[in-house]
Amino acid sequence: MGKKITDKVTWVGKVDWELTYFHGHEYSTSKGSSYNSYLIRDEKTVLIDTVWLPYDKEFVTNLKKEIDLKQIDYIIANHNEVDHSGALAEIMREIPDTPIYCTANGAKILKGHYHKDWNFVTVKTGDTLNIGSSTLTFVEAPMLHWPDSMMTYMSGDNILFSNDAFGQHYATESLYNDKVDDCELFAEAIKYYANILTPFSRFVSKKIEEVLSFNLPLDMICTSHGVIWKNKPAQIIEKYMEWANNYQENQITIIYDTMWDSTRKMAEAIAEGITRTDSEVTVKLMNASKEDKNDIITEIFKSKAILMGSPTVNNGLLYSISGLLEMAKGMKFKNKKAAAFGSYGWSGESVKQLTEKLKDAGFEVINDGIRSLWIPDADEVKKLIDYGKSYVDIIK
Ligand code: FEO
């Protein structure tokens, strides 16, 4: 059922508590997610975004409990990935002539997805739609995170319907940011930024600066996933400005995979070396085949430097490490230092290959890395500890 947000605006979305993966298997959602849709009732009635396809019938059934669909004057499609446009076909079956406001790219995507010639009204930044006592203003936000993305600002209630931006994959019935666990909320918000928005950081900063330059009063940010930012909505904007600007904490993350524990022993010895220095740096170790890949990407996002390790297997790398490097390359991380390590028995190519792949993924590789033959003995462990100490000096 709907939840009233203001006198005019009602949340009519779907909380998906059971979602464990999003974008196929690309993004883990251990806290579920939500697909937020909003109904505005002014002199005109407006539906903003819908929900993911599997919930289309449930969405329309619930929407009908709020309103006769024929009373909907306009639909606004801020972004047309299927998690937001999924119920459109189900709605349009009943109200086929209703205008759908979206960007030009949005219309192309909707046609490509649903193969229907609906009544598209394409809008650009600054275009407005008067709906009675409020006006809706559209702001294109291309590549945040798709070419069609836009936001809609509602005057009077001073709400920014931001779609994916400022969202989190975080299921909650509580709806508002001050009604949930703050640690969980920000953990999901940074994971979302790190894994979805990092490649587009330069667009994020520019778009936020542009929106701030309008000097619009802002009482709420209504996202399309997770909570509504009602209490101090500017706080998530400030976080985005930090995250978009080559964000890093004083952290080194050591990511490795291991076959018979030699590369794990290397990782632990290097970590010990780092902690033996008087640096305040935080060190985290993550086994790529055991930890969640999106959590690892989040930790890389937070790090000023990483170390990545794989033993040599069949003249190459373990697949968990190769997969992560492919993900990391797509993130286009900037300003992060890196080096490789790994154990070997005979051919021993992994460190050289890792070094090249780290460079290819945009990391600033600071040395040729370090290898250990078979199982590190006490002398080798000391060498690795010293390597860890020197790594801290190099990245200072
Ligand atoms: Fe939540 Fe880009 O869809």
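Begin by selecting Asn314, which is found in the loop between strand β19 (305-309) and helix α10. Helices (H or I, at least four residues) and strands (E, at least two) are DSSP runs, numbered from the N terminus. Phi of Asn314 is near 50 degrees, a positive value in a residue other than glycine.

The model is predicted: local features need pLDDT of at least 70, side-chain atom pairs count only at pLDDT 80 or more, and totals for chains, interfaces and linings use all residues. Residues are numbered from 1 along each chain as its sequence is written, and side-chain values use heavy atoms, with hydrogens and water left out.

**Helices α9 and α10**

Next, select helix α9 (residues 293-302) together with helix α10 (residues 319-331). Two packed helices are described by the angle between their axes and the distance between the axes. Axes are lines fitted to C-alpha atoms, for helices over the stretch in contact, and angles run from 0 to 180 degrees between N-to-C directions. The axes of α9 and α10 come within 11 Å and cross at roughly 50 degrees. The two helices are therefore oblique to each other; angles under 35 degrees count as roughly parallel, over 145 as roughly antiparallel, 65 to 115 as roughly perpendicular and the rest as oblique. On the α9 side, the contact (heavy atoms within 4.5 Å) is made by Lys293, Asn294, Ile296 and Ile297. Leu324, Met327, Ala328 and Met331 take part from α10.

**Helices α8 and α12**

Now select helix α8 (residues 262-275) and helix α12 (residues 378-395), which pack at an angle of about 50 degrees with their axes 6 Å apart. That makes α8 oblique to α12. Residues to display in this contact include Met266, Ala269 and Ile270 of α8, and Val381, Leu384 and Ile385 of α12. The contact residues divide into nine nonpolar, two polar and two charged. In this classification, Ala, Val, Leu, Ile, Met, Phe, Trp, Tyr, Cys and Pro count as nonpolar, Asp, Glu, Lys and Arg as charged, and the others, Gly among them, as polar.

**Helices α5 and α7**

Move to helix α5 (residues 182-197) and helix α7 (residues 234-244), whose axes lie 11 Å apart at an angle of about 40 degrees. α5 and α7 are therefore oblique to each other. Among the residues in contact are Phe186, Tyr193 and Leu197 of α5, with Ile236, Tyr240 and Trp243 of α7. By class, this contact has 10 nonpolar, one polar and one charged residues.

**The largest cavity**

Which residues line the largest cavity? Select Leu144, Met151, Ala165, Phe166, Leu197, Val204, Ile208 and Tyr240 to display the lining. By class, the lining has eight nonpolar, no polar and no charged residues. On a 1 Å grid over the protein atoms alone, a cavity is a set of points where a 1.4 Å probe fits but cannot get out, and lining residues have an atom within 4 Å of a point.

**A cis peptide bond**

Finally, select Leu144 and His145: the peptide bond from Leu144 to His145 is cis, with omega near 10 degrees. His145 lies in the loop between β13 (135-140) and β14 (150-154).

How values were computed: On a 1 Å grid over the protein atoms alone, a cavity is a set of points where a 1.4 Å probe fits but cannot get out, and a pocket is an open set with protein on both sides within 12 Å along at least five of seven lines; lining residues have an atom within 4 Å of a point.
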